[in-house]
Amino acid sequence: MGAFDGKRGLILGVANRRSIAWAIAKRLAGGGAQLAFTYQGARIEKGVRELAESVSTPLVTECDVRSDEDVARVFAEVGDTFGGELDLLVHSVAFAATDDLEGRFTDTPRDRFWMALDVSAYSLVVCARAAEPLMERSGGGSILTMTYLGGERAVPHYNVMGVAKATLDASVRYLAWDLGQKNIRVNAISAGPVRTLAARSIAGFPTMEAIVEERSPLHRHIEADDVGAAAGYLLSDDARNVTGTTLYVDSGYHSMGM
């Protein structure tokens, strides 16, 4: 039997086959999980549907995480699809305006500051709240989100996204406390630089990747499948006593002082 046989999961954040969310989805589907997917906007819909069909998904639906009504609709569809229950939720959603990842953090305008925090951090809160009754009926569940070291340390050009990730990190801990009484675990993975669509919007990304490879204890870059493997552990019953924590998949870079 696979580690996820009989498990039902929702994946938010697949953009294309290089997405970290897709690497996680492949790991879960390979272990026997039945998965539903969301997409953001018509531009990527076709690609997401094609990927989702490759793992025999029963549901692909659009979701704007900035809309409470849209999130409520999505989780109602998920409940209808999975018999009112949900075991796994993967939150791999983040956004900041490109201009705010190139200049100074100091110059971030108010509206784009709140947009970055809304999409990148508050969306986890609203999705966890919507997933709670479905996971409670399932006897518990596991929620996983994607963070980054830029939420703990200043990373040039990461700017407002770093502030959003710091908010996300704190949200993981508070959600873990709130939901733990219902046997719902909440964790995060902090990955090193991975060559994804989102990474292209970060000025100096190749430099970030080169520095991690040079200075990390393992001296190698990180692939999306490495993150998928770590996610497989955190989402599985093997991690039943792991919650409110961050697992670093960065070749050990986070442990270094220089």
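Trainee: Which residue is the bridge partner of Y39 in β3?
Mentor: The partner is E62. This is a predicted model, in which local features need pLDDT of at least 70 and side-chain atom pairs count only at pLDDT 80 or more, while totals for chains, interfaces and linings use all residues. Residues are numbered from 1 along each chain as its sequence is written, and side-chain values use heavy atoms, without hydrogens and water.

Trainee: How many bridges join β2 and β3?
Mentor: Four bridges join β3 to strand β2 (residues 34-39), in the parallel sense. Two strands pair if DSSP finds at least two bridges between them. Strands (E, at least two residues) and helices (H or I, at least four) are DSSP runs, numbered from the N terminus.

Trainee: In what order do the strands of the sheet run?
Mentor: The open sheet has seven strands, ordered β3-β2-β1-β4-β5-β6-β7, with parallel pairing. At its edges are β3 (59-62) and β7 (246-249), each pairing on one side only.

Trainee: Changing topic, where is D100?
Mentor: D100 is in the loop between β4 (88-91) and α4 (110-137).

Trainee: Is D100 buried or exposed?
Mentor: D100 counts as buried because its relative accessibility is 5%; buried means under 20% relative accessible area, exposed over 50%, and partly exposed in between (1.4 Å probe, protein chains only).

Trainee: Which residues does D100 contact, leaving aside its neighbours within four places in sequence?
Mentor: D100 is in contact (heavy atoms within 4.5 Å) with T108, P109, R112, N159 and V160.
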